[in-house]
Amino acid sequence: MATSIEPQAVEPQGKAQAMALLLKFRTVLALVVVVAIFAVLAPNFLSLGNALIMLKHIAIVAILAIGMTFVILTGGIDLSVGSIAGLAGMVAGALILNGLPLTALGLVIYPSVPLMVAMVVTLGAALGLFNGLMVNRFQVAPFIATLGMLYMARGAAMLMSNGATFPNLVGNPALGNEGFSWLGAGMVLGIPVPVWILAIIALGAGFVAARTTFGRRVYAVGGSERAALLSGVRVDRIKYAVYAISGAMAAVVGMLVASDLEAAHPASGESFELSSIAAVVLGGASLTGGRGTIAGTLTGACVIGVLGDGMVMVGISEFWQMVIKGAVIVTAVVLDRLQERLG
């Protein structure tokens, strides 16, 4: 009896393990498949020039997604990153073109590019902190709190120029604020500057998430907020911090986009929030919090970036691109649920 039952019991278990392994590495497999498909359909897809362009686009999505990862790890969501990016680009443009007026002193200060970057990143972090305040202190659902910020930031960006574009953001050597375009369009050792910025941010974020007390507490809050609170974790501070990080990352992206175009438009960054959420979900993070990695998010951002550029190269219409991206996101969530069931 034992010899006839044993093989039947082992076979289903082996299939389940194989399925679990397949689901674990599904994002990497998806990336390989997507690259292979577009390499066949578009002859120039794997050329060096196109690869550099894709890397720059991936960097934009990935930097946003890294900030979003910290928020989602706590079980939250941030819908305002696209609008904060748009506002950050407009503020950077206003500082370059018009400077910072100090009305009381009758002065106008034109900050250097490094100082301007610090000011805009601080603004993004402050807006993210406001999101954290709404979520934590006033118990507003993250979806609603950040949706409100989405409209407020976009409206503020529109008000800054009455909906017009800030053009020609090259700065003025006489004012000491030239060099802004290097951030988004410059190259170092043949690699676009945004890719280097992504590398620095990703290494720092990966270390913080995996090796620091703060990172462990972020996972703890997402796993069980009540258990984390009973363990002595200051849940409020963790939430403030993750939303501030997300806002700061959005500000960085806003400046990179404005710098690359040498122009800032108030509508810039629209739908960025969806791309960043998609990258995080594709990377294996759970929308309920407590599970996800920076490396997974980077892989998810690569899938989103390659998919977007590939579809443009083979001439797929914008409407079908939206359909396909939406289908990919839904599929990723379904596979995530299946992975949870299989353990």
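Hi everyone, let's start with Glu 273. Leaving aside its neighbours within four places in sequence, this residue is in contact with Met 68, Asp 78, Leu 79, Val 81, Gly 82, Ser 83 and Leu 150. Before we go on, please keep in mind that this is a predicted model.

So where does Glu 273 sit? You'll find Glu 273 in helix α12, which covers residues 272-282. One of its contacts is Gly 82, and here the side chain of Glu 273 reaches the backbone nitrogen of Gly 82 at 3.4 Å.

Now, which side chain of opposite charge is nearest to Glu 273? That is Arg 154, at 5.6 Å. A salt bridge needs the side-chain nitrogen and the carboxyl oxygen within 4 Å, and Glu 273 has no salt bridge, although it is buried.

Most residues other than glycine have a negative phi. With that in mind, please find Asn 168, in the loop between α6 (142-161) and α7 (181-185). Its phi is positive, near 55°, and Asn 168 is not a glycine.

Our last stop is Leu 189, in the loop between β3 (187-188) and β4 (191-192). Leu 189 is not a glycine, yet it has a positive phi of about 55°.

Methods: Residues are numbered from 1 along each chain as its sequence is written. This is a predicted model: local features need pLDDT of at least 70, side-chain atom pairs count only at pLDDT 80 or more; totals for chains, interfaces and linings use all residues. Side-chain values use heavy atoms; hydrogens and water are left out. Helices (H or I, at least four residues) and strands (E, at least two) are DSSP runs, numbered from the N terminus. Buried means under 20% relative accessible area, exposed over 50%, partly exposed in between (1.4 Å probe, protein chains only). Lys and Arg count as positive and Asp and Glu as negative; His and the chain ends are not counted. A polar contact is a pair of N or O atoms within 3.5 Å; within protein, one must be able to donate a hydrogen and the other to accept it, and residues adjacent in sequence count only if both atoms are side-chain atoms. Contact means heavy atoms within 4.5 Å.
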